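Here is a short tour of one protein model, written for someone who likes to check geometry by eye. Have the viewer ready and follow along.

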Amino acid sequence: MEDRVQEAMLNLVIANRILDQENICDAFGHVSVRHPLDQEKYIMARSRAPGVIEIDDLMEFHLDGRPVDLRDRTVYAERHIHGGVYEARPDVTSVVHSHSHSVIPFGVTDVKLQPVFHMGATVGHEVPVWDIRDNFGDTSLLVSNMDQGRDLAFFLGDRRASLMRGHGAVVVGKTIKEAVLIAVFLEHNARITMQCLQLGTPNFLSAGEVSLCKDQFVGDLAIDRAWDYWSLRAGFKS
Ligand code: MN
């Protein structure tokens, strides 16, 4: 196997374990990576909890969600989130979907989720709320077909993250490491904001501050340091 594919697959396993260890995913949620040798495919685990994913669980998918080789496996119902984003966003190499708990309140109230501390700025200026009901009426809230995945991707636009009303969030990155970092700090920013709201009115970062923070903290220095730390916590020595 090509080195680039092997490296992507190893990082994808580590990403799964980090998202579990850092309480971004529990039994549910998933992370994918665009295939390093084929823009029209992505790699993602079969339907298992992220905390137990091993390299043999990884599978290739076409962007429309068809598995390249099903091998009698069960696949994630919500893989269309990933395909929808990869279709719409050539700049995206990795997608995380989670139900991390602290983001949920911001999807179902009129309180906007915006950066309240410097690392929180990695989510970008705003995190809008996609509502599956707007275009699809009453559903199970799962993104279970490509129409829904494309609708979510269109709503996401060029942003780094979107909440999903009554469900969770989607986070994208230029790399697996970036997507994981943003997903972690999306959760931390939400949790800290809720703590702030119990005390008073948060003094959010200004638009200028967000602009200065949002790229610096997804730079190599910050990313490598965070990945190194989270990998070890998840049981991987780098
Ligand atoms: Mn979900």
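Strands β1 (residues 30–34) and β2 (residues 41–45) run antiparallel to each other and are joined by three bridges. One of the places to look is V33, whose bridge partner in β2 is I43. Keep in mind that this is a predicted model.

Zooming out, the pair belongs to an open sheet of seven strands with mixed pairing, ordered β3-β2-β1-β4-β7-β6-β5. The edges are taken by β3 (58–62) and β5 (129–130); each has a single partner strand, so one side of each lacks a neighbour in the sheet. Helix α1 (residues 3–21) packs on this sheet and touches β1, β2, β3 and β4 (94–98), with its direction at about 160 degrees to that of β1. Helix α6 (residues 176–199) lies across β1, β4, β6 (161–164) and β7 (168–173), and runs at about 145 degrees to β7.

| Helix pair | Angle | Axis separation |
|---|---|---|
| α2 (residues 80–88) and α5 (residues 146–156) | about 50 degrees | 7 Å apart |
| α6 and α8 (residues 220–233) | roughly 75 degrees | within 10 Å |

The angle of about 50 degrees between α2 and α5 makes α2 oblique to α5, and the crossing is right-handed. On the α2 side the contact involves H80, I81, G83, G84, V85, E87 and A88, which meet M146, G149, R150, L152, A153 and L156 of α5. By class, this contact holds seven nonpolar, four polar and two charged residues.

For the other pair, the angle of roughly 75 degrees makes α6 roughly perpendicular to α8. Here α6 contributes I176, K177, E178, V180, L181, V184 and F185, and α8 contributes A222, I223, D224, A226, W227 and W230. What classes do the residues of the contact of α6 with α8 divide into? Ten are nonpolar and three are charged, with no polar residues.

Technical notes
Residues numbered from 1 in each chain as written. Predicted model: local features only at pLDDT ≥ 70, side-chain atom pairs only at ≥ 80, totals over all residues. Heavy atoms only, no water. Axes fitted to C-alpha atoms, helices over the stretch in contact; angles between N-to-C directions. Helix = DSSP H or I, 4+ residues; strand = E, 2+ residues; numbered from the N terminus. Parallel < 35°, antiparallel > 145°, perpendicular 65-115°, else oblique. Left-handed = near helix turned anticlockwise from the far one by under 90°. Contact = heavy atoms within 4.5 Å. Nonpolar A, V, L, I, M, F, W, Y, C, P; charged D, E, K, R; others polar. Pairing = 2+ DSSP bridges.
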